[in-house]
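Let's work through a few exercises on salt bridges. Grab a pencil and have a look at the model first.

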Amino acid sequence: MDNKQNILDYIENEKNKYIELSHQIHQRPELGNEEIFASRTLIEQLNRHNFEVETDIAGHATGFIAKYDSMKPGPTIGYLAEYDALPGLGHACGHNIIGTASVLAGIALKQFIDKVGGQVIVLGCPAEEGGENGSAKASYVKEGIIDELDIALMVHPGNETYRTINTLAVDVLDIKFYGKSTHASENAHEARNALDAMISYFNGVAQLRQHIKKSQRVHGVILDGGKAANIIPDFTHARFYTRATTRKDLDVLTERVSQIARGAAIQTGCDYEFGPIQNGVNEFVKTSKLDDLFAKYATEMGEAVIDDDFGYGSTDTGNVSHIVPTIHPHIKIGSRNLVGHTHRFREAAGSTHGDQALIRGAKILSLMGLDLIVDKSLFKEIVEQHQFIKEHKK
């Protein structure tokens, strides 16, 4: 019996354990950098299979690196495990599936690499959804952790099964204005109105939108606009996202938004703060030959792999893709009209269809890892294509 069939049999025999693990994480959603239960639960599985696990990674207490080395020559296959949830929505992006599928895929491949060589690394990646100190994969890139990998693999739940799509680079920014508070009627002439500064800032951004590329985005909300109508606010706070198709373009856009904040402060006599609350996220560098391998095994698993225009989102997996060949495909867990970050998607991530996608996804990822170790010419083609694409983006 060949190694591919052995991997399929192993995952099939172990699937109920990992479905239950996914459900446990789904039922105990944790926000980014607070994923204590999810991280611990995944680490326990990896420890049971003799992975060497390091925790508290690159400033992320719930991050981990799990390694198994065959001590024989071969590439290092990395699996990216996400496990954070969304505020108020729980696992409405299905990260319980992502984390569990990556761990299962890594453990399944580990069972056989002593025969074929190479190394398996499972990276526990907190806070993909962002927030304070969010986007841990970007931290891993900065710390050189991703340099240890030759290939990075993961699969995301979705409403269809499809290859990696284009994503946008994104910055997440806090804007704060500091003024001087007075009574709005008695001595308003002594005030410096932080809400006026914020409104001026919003108006400036609205005017900027007329002069940016169609693919670029600037959007945000006021988190604190004052406390009482008869008191001139001395503090206001907003959070904004800027997005663009490349990091180079995004840096220019973010600087223009920064200049608007400075102008609003000068106009109103307020002080201000402007800056990122998390790692910057980069656009995706797609490696089509690696996605072709995903599509091959997804089709073999019974998935209908489609091509479509799904619009643009953002993910810190894009940062990883600037370093090594990486995929971020989707696997179907529900109906065609299923939308991420909704209550329906959360339900689908814990459904029977979601469980089936988890197991199929793990099989696909593990078989891909085996192919990339065994087929040296395929591995070389993928690495060379990725390098070519990176060089031509400069």
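**Exercise 1.** Work out whether Asp 307 is buried or exposed, then find its salt-bridge partner.

*Solution.* Start with the cut-offs: buried means under 20% relative accessible area, exposed over 50%, and partly exposed in between (1.4 Å probe, protein chains only). Asp 307 has a relative accessible area of 64%, so it is exposed. Next, the partner: the side chain of Asp 307 meets that of Arg 163 in a salt bridge, 3.2 Å from N to O. Arg 163 sits at 25% relative accessibility, so it counts as partly exposed.

A quick note on the ground rules: this is a predicted model, where local features need pLDDT of at least 70 and side-chain atom pairs count only at pLDDT 80 or more, while totals for chains, interfaces and linings use all residues. Residues are numbered from 1 along each chain as its sequence is written, and side-chain values use heavy atoms, with hydrogens and water left out.

**Exercise 2.** Find where Glu 384 and Lys 380 lie.

*Solution.* Both are in helix H12 (residues 376–393), 4 residues apart, about one turn of the helix. (Helices are DSSP runs of H or I, at least four residues, and strands are runs of E, at least two, numbered from the N terminus.) Glu 384 forms a salt bridge with Lys 380, with the closest N and O atoms 3.9 Å apart.

**Exercise 3.** How many salt bridges are found in the whole structure?

*Solution.* The search finds 20.

Technical notes:
A salt bridge is a side-chain nitrogen of Lys or Arg within 4 Å of a carboxyl oxygen of Asp or Glu.
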